Amino acid sequence: MIDLLRARRRQGRRTIAYPDGPPPDLPERFRGHPVIEGARCVEGCVECVTACPTAAIVREPELAVDLGRCLFCGECATACPSGALTYGRDPRLAARSREDLVVTEREQVRLARALDDKARRLFGRSLKLRQVSAGGCNACEAEINVLGTVVWDLGRFGIQIVASPRHADGLIITGPVTENMRLALRKTWEAVAPPKIVIAVGACAISGGPYVDHDEASNGADSVVPVDLYVPGCPPHPLTILDGLLRLLGRLEDEGGT
Amino acid sequence: MTPLSRLPSLRSGGAVPRSAIPDLGWADFARVLHTAVAQGWRVAAYFGAAEGSAVRLHLVLADDDASELAVATTLIDGATFPSLAGDCAQVDLFEREIAEQHGLSPAGHPRPGPVRFSRTLDPRAASGATPPAPDAPGTQDFYTVAGEEVHEVGVGPVHAGVIEPGHFRFQCHGEEVFHLEISLGYQHRGVERALLGGPDRRTLAYVETAAGDTTIGHATAYCEVVEALARCRVPSRGAALRGLALELERLANHVGDLGALAGDVAFLPTASWCGRLRGDFLNLTAELCGSRFGRGLARPGGAAFDADGELAARMLDRLEAAAADCRSAIELLWDSASVMSRFERTGTVPREVAVELGLVGPAARASGLDRDARRDHANGIFRSHPIPVAAADSGDVHARAYVRWIEIQRSVDFARELLRALPHGAARDPVRDATPDRLAVSLVEGWRGEICHVALTDGDGRFARYKIVDPSFHNWSALAWAMRGQQISDFPLCNKSFNLSYCGHDL
C-alpha cells in the first residue's frame with residue numbers, strides 16, 4: 001500500500017490543461033497541415049502527383065491536396081524539387097464534409113463547425129460513442145484509446161467510449177470498411193437510437209486510405225453510413241482527433257482556418 | 001542423403017535464385033517437412049504461388065540453432081493437395097490459407113474452412129470458371145458441444161472496447177469454457193493481392209499498415225527483403241536507427257499491454273500510468289520520424305530519418321525518465337495479491353503445446369521456448385548488439401506479462417546504448433533494382449513475435465508473389481487452446497495476455 005502511494009506521488013498529475021491552456025508540444029518533425037507555395041512550382045512538374053501513394057494531389061487548375069486521401073507520409077514533399085509543397089505542424093485538420101478537406105494555397109482545411117443547437121444541447125456535455133473498427137490497422141484505434149488515458153482524459157469533456165451501440169449517441173469509425181465488416185457496421189449504426197452522429201477517424205475511414213479502390217474495401221465509412229465529422233491522418237495525432245471532437249461539440253473558442 | 005540436405009540454405013535477409021530451389025515430388029516434399037519438424041525446425045512460412053494454371057507450394061523452414069533457413073517447393077497441378085496438418089499442427093492454418101488463396105482443397109485436413117472469407121489470389125486459368133464469391137464471415141458451422149446443459153456464447157465482430165473485430169464462439173458449461181473457436185477475416189483488405197507486380201508507390205503504405213501497430217517490424221522485414229533482392233548492405237547507422245525504432249515500438253506496446261492487463265483485473269494504478277507511459281514511447285518514435293507509429297522511417301537502404309547528437313541526447317533523457325516511471329508503475333503488479341491471483345495459473349499453455357503449435361514471440365517464451373529472431377536469425381544491428389532472450393516457464397497470463405516486463409528492461413538497455421553512441425556514417429544508402437527470378441526471406445522479431453516476409457521476383461524483378469506472415473498467424477491457435485477449461489470471465493484477460501493482431505492475420 002505504501003509503495004502504491006509512493007508511486008502515486010511520483011507519477012503526479014499529467015492531464016493537460018488544453019483546451020483551457022496551450023496544446024501539448026508536437027515533435028519538430030510532425031507532419032500536419034500541408035503548406036503550399038505555388039510560386040515555387042516548376043512549370044509542368046508533377047513529381048508530387050506521381051509520388052503520392054493514394055492520388056491525393058492534383059496540379060490543375062491549381063495545386064490541391066485532398067486531406068481525406070492524404071496519408072501524411074511526406075513522399076510528395078521529398079519528391080518536390082523546389083519546396084513548393086511541405087508539411088507544416090498545424091494539427092487542426094478535422095472537417096464536417098469531404099469537400100472541406102481539399103486544400104489549396106488559398107484555402108486551408110475548413111475546420112469543423114459545431115453541431116446545431118439542438119444536437120449541442122443533447123451531446124454537448126455528454127457524448128457516448130461506440131467504436132467500430134471496420135478494417136482499421138489498429139493505429140487509429142490506438143490513438144482513440146489514448147484519448148481515454150490520463151494525459152488527454154476525454155472523460156473530462158463528457159465524452160466516453162461505451163460498450164454497446166444501445167448505450168451510444170453515435171459511432172466513431174476506423175478502417176476503410178472492409179467487405180467483411182459492411183454488414184456489422186450497418187447493423188451497429190442501426191442499433192444506435194436516433195438522433196445519432198458518426199465520426200470517421202483516419203484516411204481509411206474517410207476515403208479508403210492505402211486501400212482506396214480495393215474490391216475488398218468500400219472507400220470509407222460514408223459509403224455505408226452518413227458521416228458528421230472527418231478526422232484526417234494516418235493515424236491522426238490524438239490532438240487532431242480531440243480538436244475535431246471539441247469543435248463538433250462547440251467547445252473550442254478559436255475558429256481557426258478560414 | 002536426407003531430403004533436407006538437398007535444399008539450398010540461406011539466412012534471414014538473404015536471397016536465392018528460384019532455379020536453385022529443388023522442385024520436389026510430393027513424397028519428398030512431405031518427407032522434408034516431417035524430418036525438419038522432428039529435428040526441431042519450425043515452419044516460418046508455407047504458401048502457394050501461381051505458376052501458369054498450377055500452384056507451386058513453397059515451404060520455408062527455420063533452423064533456429066544453426067540460424068539457417070531452408071526452402072523447398074512442390075508443384076500442385078490439380079484441384080487438391082494432400083494435407084500434412086494431421087501430423088504437423090504448425091501447417092494447419094497455412095494449409096487452410098493455401099486452399100482459400102488458390103482455390104484448392106486440402107485433402108485429409110482435420111478441420112478445413114475459410115481463413116479470411118476472401119477471394120482467391122489468382123484466377124484459376126485452367127478451370128476457366130470465375131471463383132465463387134466467398135461466404136460471409138462467421139457463418140460457418142462452428143464446432144459444437146452437444147448437451148442439455150451446454151450453452152453457446154458468441155462475441156463479436158464488434159467488441160465492447162476499442163479493438164479490431166473478430167468472432168469468438170464459446171461452448172460453455174456454466175462458467176467453464178469447453179471449447180473456443182475463433183473466426184477472423186473481418187479485417188481483410190487484400191494486402192497480398194495488391195502487392196503483386198510491385199513494388200510501386202503504394203507498396204510501403206501496404207507494408208506499414210499490414211499490422212498498423214507493428215509498422216517498424218513489417219517495414220523492416222520488407223526493407224530486408226528488398227535489400228536482399230538488390231544485393232546491397234545497409235550502412236551501420238541506418239541499421240542502428242531501424243533497430244532503435246523496432247525496440248521503441250516494442251517498448252510502447254509492451255508497456256501498453258501491461259497497462260491493459262492491469263485494467264482487465266481492475267488494478268487501476270498500473271493501468272492508468274502505463275496508459276500515459278505508452279504515449280511517451282510513441283512520442284520518442286515521433287521525435288525521430290514525425291510519426292508516433294514510425295511511418296516513413298524504415299526504407300530500403302536504411303532509415304529515412306537521422307538523429308544528430310543533440311536529438312539523440314534529448315531522446316536519451318526522455319527514455320531514462322520514461323523507464324524509471326515504468327519501473328514505478330509496473331513493479332506494483334507483482335506485489336499485488338489481487339493481480340497475481342488473477343494472473344497466475346490462468347490461460348496456461350504448456351511447453352509441449354507451444355512447440356506443437358509453433359508459437360512465436362513473448363507467448364512462446366512464456367511457455368519456456370527459447371526462441372527470438374533477434375538472436376536466432378540476427379540481422380542488422382542485432383548482429384553486433386545482441387539482446388538477451390527473456391524466458392519464463394509457467395505459460396500462464398503471469399508468465400506472458402512477466403516476459404514483457406523483462407523485455408521492456410532489456411529494450412531500454414539496448415536503446416540507451418545506441419542513443420549514447422550511434423555508429424558513424426550515412427543513415428541510408430541508395431538501393432539497386434531487384435534481381436529477377438529470386439526468392440528472398442527475412443525474419444524480424446516484432447513485438448508480438450516473428451514476422452516473416454518472403455518475396456519471389458519474376459523475370460523483370462517485380463513481385464510475382466509477396467507473402468507476409470504476421471506472428472499472430474502462428475499464435476491465434478494458442479488463445480483457443482488456452483481458454484479450454486478456463487472461466488469465460490477470464491477471456492478478456494487471456495485475450496489481452498496474447499494481444500494478437502486481427503489485421504495482421506487478415507491482411
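1. **Helices 6 and 13 of chain B.** In this predicted model, helix 6 (residues 236-264) of chain B packs against helix 13 of chain B at about 150°, with the axes 9 Å apart. The two are therefore roughly antiparallel to each other. Angles under 35 degrees count as roughly parallel, over 145 as roughly antiparallel, 65 to 115 as roughly perpendicular and the rest as oblique. Axes are lines fitted to C-alpha atoms, for helices over the stretch in contact; angles run from 0 to 180 degrees between N-to-C directions. Helices (H or I, at least four residues) and strands (E, at least two) are DSSP runs, numbered from the N terminus.

2. **Who touches whom.** Helix 6 of chain B passes helix 13 of chain B in a left-handed crossing (the near helix is turned anticlockwise from the far one by less than a right angle; clockwise would be right-handed). Residues of helix 6 of chain B in this contact include B:Leu244, B:Leu248, B:Leu251 and B:Val255; among those they meet in helix 13 of chain B are B:Trp405, B:Ile408, B:Val412 and B:Ala415. Contact means C-beta atoms, placed from the backbone, within 7 Å. By class, the contact has 14 nonpolar, 3 polar and 5 charged residues. Ala, Val, Leu, Ile, Met, Phe, Trp, Tyr, Cys and Pro count as nonpolar, Asp, Glu, Lys and Arg as charged, and the others, Gly among them, as polar.

3. **Helix 8 on helix 13.** Helix 8 (residues 309-335) and helix 13 (residues 397-420) of chain B pack at about 165°, axes 10 Å apart. That angle makes helix 8 of chain B roughly antiparallel to helix 13 of chain B. Their crossing is left-handed. Helix 8 of chain B contributes residues including B:Met315, B:Leu319 and B:Ile330, and helix 13 of chain B contributes B:Trp405, B:Ile408 and B:Leu419, among others. The class count is 12 nonpolar, no polar and 2 charged residues.

4. **Two domains in chain B.** Chain B is divided into domain 1 (3-107) and domain 2 (191-470). The bounds come from an automatic or database domain assignment. Their centres, taken over C-alpha atoms, are separated by 26 Å. The contact takes 26 residues from domain 1 of chain B and 24 residues from domain 2 of chain B. On the domain 1 side, strand 2 (14-17), strand 3 (42-51), strand 4 (54-63) and strand 5 (68-76) of chain B each give two or more residues. Strand 3 of chain B supplies the largest share, 6 residues. This side divides into 15 nonpolar, 7 polar and 4 charged residues.

5. **Four-stranded sheet.** Chain B has an open sheet of 4 strands in the order 1-5-4-3, with antiparallel pairing. Strand 1 (9-10) and strand 3 of chain B stand at the edges with a single partner each, so one side of each is left without a neighbour in the sheet. Strands 4 and 5 of chain B are joined by 9 bridges; pairing requires at least two bridges found by DSSP. B:Arg56 stands opposite B:Leu75 in strand 5 of chain B. Helix 1 (residues 26-38) of chain B lies across strands 4 and 5, at about 150° to strand 5 of chain B. Helix 2 (residues 92-102) of chain B also packs on the sheet, touching strands 3 and 4; its direction makes about 15° with that of strand 3 of chain B.

6. **Three-stranded sheet.** Strands 8-9-10 of chain B form an open sheet in that order, with antiparallel pairing. Strand 8 (150-155) and strand 10 (176-183) of chain B are the edges, each with a single partner strand, so one side of each is left without a neighbour in the sheet. The twist averages 20° from one strand to the next. Strand 9 (residues 167-173) and strand 10 of chain B pair over 7 bridges. B:Cys172 stands opposite B:Val177.

7. **Chain A meets chain B.** The contact takes 48 residues from chain A and 47 residues from chain B. Helix 1 (2-11), strand 6 (127-133), helix 5 (139-146) and helix 6 (182-190) of chain A each give two or more residues. The chain A side divides into 26 nonpolar, 13 polar and 9 charged residues.

8. **Backbone points to check in chain A.** A cis peptide bond joins A:Tyr18 and A:Pro19, with omega about 10°. Another cis peptide bond joins A:Pro194 and A:Pro195, with omega about 0°. A:Asp153 is a residue other than glycine with a positive phi, near 50°; A:Asp153 lies in the loop between helix 5 and strand 7 (159-161) of chain A.

9. **Conventions.** Residues are numbered from 1 along each chain as its sequence is written, while chains are lettered from A and ligands numbered from 1 in the order in which they are written. In this predicted model, local features need pLDDT of at least 70 and side-chain atom pairs count only at pLDDT 80 or more, whereas totals for chains, interfaces and linings use all residues.

Note on methods:
Contact = placed C-beta atoms within 7 Å.
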